Each structure stands twice: as C-alpha cells, then as structure tokens.
Amino acid sequence: MTVLIWSALFRINPILMLGLILSASAFADSGISIDRQQELRNLLIQDCGSCHGLKMKGGLGPALLPSALAKKPAEMISNIILDGRPGTAMPAWRPLISPEEAQWLTALLLRGSAQ
Ligand code: HEC
C-alpha cells in the first residue's frame, strides 16, 4: 500500500517504485552497493575459485562450503580472508577488500550462496 502512495506521489510506475525500494534496502542491509556486490561475487568465483574451486568444493585450498565452515566463527573466516594464512598459499585480500566486504563474503559462503 505504501508503495502505491509513494508511486502516486512521485508519478512513478508502482513496479519500478518497488524495485527502487528493494534495491535501496539491499544496499542499506550490507552498506555495499549492488554493483560492488556483483564485483565481489565475480572475485569469489574467479580469484577465490581458482584455488578453492569454482563451486567452492576445494582444490589447492580447502572447500568453502557451509558444511566445511560451519564450526568456524564468522569473525575468524573474515580475518583469514583479510589477512590470509601466512606460510600457506592463502593470500591476504585486505588491499582489495574492506572488512565490511570480507564480512559480506563470509555471510555469502556460510549461507551457501556462492555455488
Ligand atoms: C592462491 C590460492 C588461493 C586463493 C587465490 C585464495 N585462497 Fe583461500 N586458502 C588457500 C589455502 C591453501 C588455504 C588453506 C590455508 C591453511 O592451510 O591454513 C586457504 C584457506 C582459506 C580459508 C580458511 C578455510 C578453513 O577451513 O580454515 C578461507 C575462509 C579462505 N581461504 C577464503 C578465501 C577467499 C574468500 C578467497 C578469495 C577472496 C581466497 N580464499 C583465495 C588458497 C587460496
């Protein structure tokens, strides 16, 4: 109902208005723009996937499936993404990814949305 009132107010198609509200709330949830979320998804598949497998089932690096990560605290996972694992092939991504973005990627991995 609110959508209809708003769309009448701004003379915008209600469907378009709903789309605007939904994309705005997706942005507000994580503080990461939709464009950047897409970049991060590409990075996950192309860069992380080159070691962890395109479907995160493992390769040179271990599997990053929800089942494999379930017992690890989210904060630990984000820290590994940011700082890597010294002495292993896991690089630090801090130069390319902010702490908020590492948390967003961690949430994505934990809910299995990376496959
Ligand atoms: C050059 C290869 C390589 C790339 C690229 C890479 N990783 Fe890794 N990653 C590894 C290896 C090897 C390990 C295991 C390190 C160890 O032995 O503790 C690892 C470990 C991890 C872990 C800890 C897993 C666990 O079960 O403890 C996470 C989380 C992780 N990587 C996420 C990522 C993400 C996200 C990216 C992309 C932003 C990425 N990795 C890119 C090689 C890589």
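**What the labels rest on**

Analyst: The buried residues of H5 are Ile77, Ser78, Ile80, Ile81 and Leu82. The model is predicted, so local features need pLDDT of at least 70 and side-chain atom pairs count only at pLDDT 80 or more, while totals for chains, interfaces and linings use all residues. Residues are numbered from 1 along each chain as its sequence is written, and side-chain values use heavy atoms, with hydrogens and water left out.

User: Why is Ser78 called buried?

Analyst: Buried means under 20% relative accessible area, exposed means over 50%, and partly exposed lies in between, with a 1.4 Å probe and protein chains only. Ser78 has 6%, so it counts as buried. Ser78 lies in helix H5.

User: Which helices do the buried residues of H5 pack against?

Analyst: They pack against helix H4 (66–69) and H6. The test for contact is heavy atoms within 4.5 Å. Leaving out residues up to four places away in sequence, Ser78 touches Ala102, Gln103 and Thr106.

User: Is Thr106 buried or exposed?

Analyst: Thr106 has a relative accessible area of 1%, so it is buried. Thr106 sits in helix H6. With neighbours within four places set aside, Thr106 is in contact with Ala74, Ile77, Ser78 and Ile81. The C-alpha atoms of Thr106 and Glu75 are 8.5 Å apart, across 31 residues of chain.

User: What is the largest nonpolar core, and what makes it one?

Analyst: A nonpolar core is a set of buried Ala, Val, Leu, Ile, Met, Phe, Trp, Tyr and Cys residues joined through side-chain atoms within 4.5 Å. The largest such core here has 19 residues, and those with the most contacts inside it are Leu44, Ile81, Ile97, Leu105 and Leu109. H3, H5 and H6 are the elements that give two or more residues to this core. H6 supplies the largest share, five residues.

User: Which residues is Leu44 in contact with?

Analyst: Neighbours within four places in sequence aside, they are Gly49, Met56, Leu105, Leu108, Leu109 and Ala114. Met56 has 0% relative accessible area, so it is buried. Its phi is near 65°, a positive value in a residue other than glycine. Leu65, in the loop between H3 and H4, is in contact with Lys55, Met56, Lys57 and Gln115, neighbours within four places excluded.

User: What are the protein donors of the iron atom of the ligand?

Analyst: Donors are N, O and S atoms within 2.8 Å of the metal (3.2 Å for Na, K and Ca), and sites may look incomplete because water is not among the atoms. His52 (NE2) and Met90 (SD) lie 2.0 to 2.1 Å from the iron, so they pass the cut-off. His52 lies in helix H3 (residues 34–52) and Met90 in the loop between H5 and helix H6 (99–110), so the pair ties together parts 38 residues apart in sequence. His52 is at 9% relative accessibility, hence buried, while Met90 is at 22%, hence partly exposed.

User: Why is the site of the iron atom called octahedral?

Analyst: Six donors count as octahedral if opposite donors are over 155 degrees apart and all others between 65 and 115. The six donor atoms have angles of 88 to 179° among them, and the site is octahedral. Ideal angles for six octahedral donors are 90 or 180 degrees.

User: How many disulfides does the count give?

Analyst: A disulfide needs a pair of cysteine sulfur atoms within 2.5 Å, and by that rule the count is zero. Cys48 has a relative accessible area of 13%, so it is buried. Cys51, at 24%, counts as partly exposed.

Definitions and conventions: Four donors count as tetrahedral if all angles lie between 85 and 135 degrees; four count as square planar and six as octahedral if opposite donors are over 155 degrees apart and all others between 65 and 115; anything else is irregular. Helices (H or I, at least four residues) and strands (E, at least two) are DSSP runs, numbered from the N terminus.
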